[in-house]
Amino acid sequence: MNQSATENVYLPKIAVLDRVVSEIPEVKTFYWRFEDPAEQQAFQHFRPGQFAQVSLYGVGEFPTSLPPSPTEDETFFTVRQVGSCTSALHQLKAGDKFAVRGPYGNGFPMEEYYGKNLVFVAGGIGLIPLRSCIVYALKNRDKYQRIQIFHGAKTPKELMYAPALHEWEQTPGVECYLTVDRAADGWAGNVGVVGTLFKKPGVQLPVENTVAFVCGPPIMFRFVIKDLLEMGFQERNIVSTLERYMKCGVGKCGHCCIGVAYVCVDGPVFTYEQIKKLGEDI
Amino acid sequence: MKARILHRADVLKIVDLLRQQGYEVLAPFCGRGRDTCFEPVTDQNRDQIQIHLPNPYYPPKRFVFPHIERLMKFERDNGAIRIEPVYEEGKRAIFGIRSCDVAGIYHLDRFYLGRDFRDIYYENHRKNLFLVNMVCTDVERDINDECFCVCADTGPAAHDHFDLQLMDMGEEFMAVAGTPAGEALFADPIFRKGTDAHIAKRHTILDDVRKRFKTTTSWFSATVRYVSQGDILEKTWEEIGNRCLECGGCTYVCPACTCFTVSDRQVGPNEFERVRIWDACALSGFTRMAGGFNPRKAVHDRRNRRFFRKLAHYFIQRELSMACVGCGRCAAVCHGDIGMPSVVEMIRRATAEMDKNEPVSH
């Protein structure tokens, strides 16, 4: 057997929590950095759409997407409190330690999309993984044609990354459309599921030379895909990122395997053409 | 590959030689009843090593991929956390590993040491492992009703991936070296050169043994094709799923299953350890996410998953090895009779049924 020194891919590195920002109910953003600056520097080279494994002392480890763009200086996770690990993370305060390993997965091939129109469709916390691509695209604005952002939430209070949304709404060259399922708090914008935005007067989605990023709950995903296909989008020009139960993140534990794909190493980013062939519910 | 001949009375001296070289030797022993198991060899039990016996249900896979394995320790001290990996390194030899299980370990090599990431824990066990393969020649004891290595092309004599292979020829054994480490053993005077007659006898024995298998799933390769193409009816998977009791036993005894879960457990007031534990795709929680969504809830989806992962051409090509080695253990332990040979048979029958409905016209 080969005696060469192998890196321990399961070994997380210590990270320190800088600060916590509440986003929407049950969802917080955790700004952190590695204790070891060399680790931090190595980690910064992630691609939009990749993910990391986060370890909480005494609880366990969970996979989470990377909402920052590699063009940003700060590293952070935006996490909804759902299970034991995410609840433990929500208990942490600035200065607390946890551990991180990654980045993992294929990520979105943002360079391949140079010269194209980008359409982002995010439902609820589906905006978390897409935030990375949006910020990356805006940083490299001249590399892309039109940029459209469609974001829907249940209520106005649940619109993700509200300050960023307002900024994108004001940014020239970005078309940002928001909608909520139920209006409240003096909401004057669109009411309805995210797909209703596509049919609004004045909204026109480019279909040719366009990549559509779709991320959100399963029901939203199905309807948006249907809408996009009806508009004439090619299945290979619709991309998404899948979520699965994962233990290792490196293609060994087997939990995230769908069809022939290990979501952690072959994904989590797939085109709709690929997703259809995997043959499992999204 | 170089071959040598040794006397029957000297066979266990190979165990002694390996122990002298610092190997912990694991060998097959009889337990109670039909039970057989691999156990560490000691001065006391050395003479009870069994050359021929039914292959133990608990596969020797555990010597490279333990059922429960410590990965790392987490220590907390005044808010600081220290993480220390835990490595186990020791020279181990498996004496009497069957050809199907040699293929199983090769499959694990391809899986854990292949693709983008190498598994250091597996590698640490594997790099110091010496395999003494015993060819199945005793048709009464070595081969049971469920064995189908002849169909999986892994036995009765492994082609490769062992260090040393032994074959019972009656008063003599033939030893074949698969690696330089195996060949180095031939320096011992118990080994002598063979003749053409020995080679001829080997072929005669193997020809005879190959005919003595009771389970010959000649449809194995056709099943691979049907599974790979997704041509198997949902109804057939449902029939298979209906018979699954969701015990996970097939996975537990499988020498080629690789899935594991990871768990953190407390071992001291300020100390946790992270362990990995064998997991099974038969179990409903295998794909359940924190929010409760389970993409593979139905039992037949999970059965489908197991056989797809084992038989799909895509994986066979990627790993250059099939995740079923024909050992027949799943068939022996399954209470619902949906071990691999039965599933192949159910798929064959279902396809015959489909053929009947095929519209044929003049």
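This is a predicted model: local features need pLDDT of at least 70, side-chain atom pairs count only at pLDDT 80 or more; totals for chains, interfaces and linings use all residues.
## Elements and model

Helices, as named here, are DSSP runs of H or I with at least four residues, strands are DSSP runs of E with at least two, and each kind is numbered from the N terminus. By that rule Asp153(B) is found in the loop between helix 4 and strand 8 of chain B.

## Chain A as a whole

The secondary structure of chain A amounts to 7 helices and 15 strands. Its radius of gyration is 19 Å, and because a compact globule of 282 residues would have a value near 19 Å, the chain agrees with that expectation. Taken along the principal axes, the box filled by the C-alpha atoms of chain A is roughly 60 × 45 × 35 Å.

Of the 282 residues in chain A, 48% count as buried. Among the contacts of chain A with a separation of 6 or more, 68% are accounted for by residues 24 or more positions apart.

## Strand 6 of chain A and its partners

Strand 6 of chain A is mostly covered, with 7 of its 8 residues buried. Strand 1 of chain A, residues 13–24, runs antiparallel to strand 6 and is joined to it by 4 bridges; in this pairing Ile14(A) stands opposite Ala99(A) of strand 6.

Strand 3 of chain A, residues 51–56, also pairs with strand 6 in the antiparallel sense, over 4 bridges. Here the bridge partner of Phe51(A) is Tyr104(A), which belongs to strand 6 of chain A. In general terms, the strands of a sheet pair through backbone hydrogen bonds, in either the parallel or the antiparallel sense.

## Contact between the chains

The contact between the two chains involves 34 residues of chain A and 40 residues of chain B. On the side of chain A that touches chain B, strand 4 (60–65) and strand 6 (97–104) each supply at least two residues. By class, that side of chain A has 16 nonpolar, 10 polar and 8 charged residues.

## An open sheet in chain B

In chain B, 4 strands form an open sheet in the order 5-4-11-10, with antiparallel pairing. Strand 5 (80–85) and strand 10 (260–268) of chain B stand at the edges, and because each has a single partner strand, one side of each is left without a neighbour in the sheet. From one strand to the next, the twist averages 25 degrees.

## Helix packing in chain B

Two packed helices are described by the angle between their axes and by the distance between the axes. Helix 8 (residues 234–242) and helix 10 (residues 299–311) of chain B pack at an angle of about 100 degrees, their axes lying 8 Å apart. Since angles of 65 to 115 degrees count as roughly perpendicular, helix 8 of chain B is roughly perpendicular to helix 10 of chain B.

From helix 8 of chain B, the contact is made by Trp237(B), Glu238(B), Ile240(B) and Gly241(B), and from helix 10 of chain B by Val299(B), His300(B), Arg303(B) and Asn304(B). Sorted by class, this contact has 3 nonpolar, 3 polar and 2 charged residues.

## Backbone features in loops

Most residues other than glycine have a negative phi, and most peptide bonds are trans. In chain A, the peptide bond from Gly267(A) to Pro268(A) is cis, with omega near 5 degrees, and Pro268(A) has its place in the loop between helix 6 (263–266) and strand 15 (269–271). In chain B, the peptide bond from Gly155(B) to Pro156(B) is cis, again with omega near 5 degrees; Pro156(B) lies in the loop between helix 4 (149–152) and strand 8 (164–168).

The loop between helix 4 and strand 8 of chain B also holds Asp153(B), which has a positive phi of about 60 degrees although it is not a glycine. Asp153(B) counts as partly exposed because it has 13 C-beta neighbours inside 10 Å. Glu246(B), likewise not a glycine, has a positive phi of about 55 degrees and is found in the loop between helix 8 and helix 9 (249–253) of chain B. With 14 C-beta neighbours inside 10 Å, Glu246(B) counts as partly exposed.

Technical notes. Residues are numbered from 1 along each chain as its sequence is written. Chains are lettered from A and ligands numbered from 1 in the order in which they are written. Two strands pair if DSSP finds at least two bridges between them. Axes are lines fitted to C-alpha atoms, for helices over the stretch in contact, and angles run from 0 to 180 degrees between N-to-C directions. Two residues are in contact if their C-beta atoms, placed from the backbone, lie within 7 Å. Ala, Val, Leu, Ile, Met, Phe, Trp, Tyr, Cys and Pro count as nonpolar, Asp, Glu, Lys and Arg as charged, and the others, Gly among them, as polar. The radius of gyration is taken over C-alpha atoms; the globule rule is 2.2 Å times the number of residues to the power 0.38. A residue is buried if 20 or more other C-beta atoms lie within 10 Å of its own, exposed if 12 or fewer, and partly exposed in between; C-beta atoms are placed from the backbone. Angles under 35 degrees count as roughly parallel, over 145 as roughly antiparallel, 65 to 115 as roughly perpendicular and the rest as oblique.
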